[in-house]
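Hi,

Here is the structure I promised to pass along.

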Amino acid sequence: MKKLYSLVMLSVLLCGAVQAQQPREEPPRYEFSLFGGYPQWGDALLGSINMEDPKDTDSKLKGVYTTGARLTINTRGYYGHEFEYVQQRARFQTEYRTTIDDVPVTKMLEDRVTVRQASYNFLMYCMPNGEFWRPYITAGLQMYNFGAPRFEEWPGGGSRNYGVNWGGGLKLKFGRALLRFDFRDYIGGKPYHLKFEERLENFSTKDNSGGSIHNRQLTVGLGITF
């Protein structure tokens, strides 16, 4: 019996030594994915294109759709770095007031604009690299490039703005294929630098000319790991 026990223990030790000598397969470090989804712009006041009697509430942005690509560099453990490019379509609406033959006329102007965005994010996963499912949280920095609306009354060109973002998501790994679900809240400066109401006489009224606007995005992506 003692010989049998000794033989079993020796076999276990030999198997362990052989497995320790075999190189472990490294999990893929890189991911590339394409995604699409729905963007929602916040209710921040954007100002007016009217030179006389501008109203802070004249202009609005509404999301249509968003598409983009992400390149991710993961560590072996619980962290990652992600670079993102997004192209978003939005509707810009504004109220324009003028006078024709001494008659006040109000027109609602609307055009689709393209918002291009580049960002860097740091990722913190709840599961190590190589697992089937990996929930995560993230935070980062981004740059916006807002295209100009195409109507005659527009006073200037586009604008470039900067901001920060945070969010979370879930990645599901099927072999080398990747399915991901993401939520991001991008917070950046107001676009276009439009005109706001004067606040010289009433100091109790908030000045809305500065501040930021939120852009929340829900996206679904497909990718590969390598």
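Predicted model: local features only at pLDDT ≥ 70, side-chain atom pairs only at ≥ 80, totals over all residues.

Residues are numbered from 1 along each chain as its sequence is written, and side-chain values use heavy atoms, with hydrogens and water left out.

In general, side chains of opposite charge can pair when their charged atoms come close. I counted a salt bridge when a side-chain nitrogen of Lys or Arg is within 4 Å of a carboxyl oxygen of Asp or Glu. The structure has 18 of them.

One of these joins Glu82 to Arg180, at 3.0 Å from N to O. Glu82 sits in strand β3 (residues 79–100) and Arg180 in strand β7 (residues 177–189), 98 residues apart; strands are DSSP runs of E, at least two residues, numbered from the N terminus. Both residues are buried, meaning under 20% relative accessible area, whereas exposed is over 50% and partly exposed is in between (1.4 Å probe, protein chains only).

Glu84 and Arg184 also pair up, at 3.6 Å from N to O. Glu84 is in β3 and Arg184 in β7, so this bridge ties together parts 100 residues apart in sequence. Glu84 is buried at 6% relative accessibility, and Arg184 is buried at 1%.

Then there's Arg150 with Asp111, whose closest N and O atoms are 3.3 Å apart. Here Arg150 is exposed at 66%, but Asp111 is buried at 13%.

Finally, salt bridges with shared partners link Glu31, Arg70, Glu82, Glu84, Lys171, Arg180, Asp182 and Arg184 into one network.

Cheers

Conventions. Helix = DSSP H or I, 4+ residues; strand = E, 2+ residues; numbered from the N terminus.
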